[in-house]
Amino acid sequence: MKPVSLIQFLIEERRAGHINAELSLLIEVVARACKRISVATNKGALGGVLGMAAGEGDAASINIQGEAQKKLDVISNEILLEANAWGGHLAACASEEMEDPQQIPDMYPKGNHLLLFDPLDGSSNIDVNISVGTIFSVLRCPDHVTEPKVEHFLQPGTEQVAAGYVVYGPATVLVLTFGHGTHEFTLDREVGSFVLSRRGIRIPEETAEFAINMSNQRHWEAPMQRYVGELLAGTEGPRGKDFNMRWVASMVADVHRIITRGGVFFYPLDAKIQAKGGKLRLMYEANPMAFIVEQAGGAATTGRARILELQPTALHQRVPVFLGSRKEVETATHYHVEADGARA
Ligand code: AFP
């Protein structure tokens, strides 16, 4: 069979009435920007881009989440902003790296979409040469809004018209959904284009593999302790089978493994992060990943509610995340809902 390029796929999606010309252009632009980020990450130490953005611990190198920013975070953010400024497909964009939404410069035409992204997720893995990624979410700009503000971005995940991620690993891979299935494209480095490598991905309903940062165990809530305790008990426990564990600490890489061979991913609430509401960000991490996973037949909850139905309250809001193989997400969520019910 002849390989299908991303461009060809986008044309087919337009013909099928799944997307319009503006959204097709937006995805092309984001994919092109991610190719540049891929080149920058692939250069490693030779690119002179490793290490902190400014002096380590310097106020200038701390992003708005209070985390240290690596040079490649800054570079990736700039690549995405610059690529998306002039095409006329966006009303505004928002990024993990910027407190407020970025407006489209007056000299360029504006479009009808809002783009949110985490330009380089898992960035603490860069210096040790482990996979990192870009995550993005696309919303419609409300009608008649010419200067979108934070409130215009605060739409539930069910309103997303597209979501995707790019994992910069041994291969650079783009995973994309428009709400009509989840599809994977692999970057052909020689040709310089993304080529369809899996259409209509399905995550197996059941799994024997889970991903969680076990070092937080003592801080978890009781239902999480119960659920993971049962997995760890293996064949001797109530689940009657052994479970394997993986944790890359790059959400994109962990989700990509689940999209590929099944599994379940948890970043639950714990006593250390309770006040923040969770670790991962709703608008540009949890929502796009939940859309991708649901479109592949999986499930995504906060442990208590479906992620895509949450009404966001802040651009950089954090939430607990349970996602992947449907049966495991349902079991872990059931334990939390049941415990809440018993407490009420
Ligand atoms: P960084 O981008 O700061 O490296 O954070 C990555 C991340 O948001 C997500 O990609 C990982 O799943 C998670 O954090 C890892 O968190 P822990 O370091 O607490 O395990």
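Biologist: How many nonpolar, polar and charged residues does the shell around the ligand have?

Modeller: Here Ala, Val, Leu, Ile, Met, Phe, Trp, Tyr, Cys and Pro count as nonpolar, Asp, Glu, Lys and Arg as charged, and the others, Gly among them, as polar; by that scheme the shell has six nonpolar, five polar and three charged residues. This is a predicted model, in which local features need pLDDT of at least 70 and side-chain atom pairs pLDDT 80 or more, while totals for chains, interfaces and linings use all residues. Residues are numbered from 1 along each chain as its sequence is written, and side-chain values use heavy atoms, without hydrogens and water.

Biologist: Which residues are the closest to the ligand?

Modeller: A residue is near a molecule if one of its heavy atoms lies within 4 Å of it; 14 residues surround the ligand, and the closest are Asp121, Ser124, Asn213, Met251 and Tyr267.

Biologist: How many disulfides does a search of the whole structure find?

Modeller: A disulfide is a covalent bond between the sulfur atoms of two cysteines, and the criterion is a pair of cysteine sulfur atoms within 2.5 Å. The search finds zero; for Cys34, the nearest cysteine sulfur, that of Cys93, is 13 Å away.
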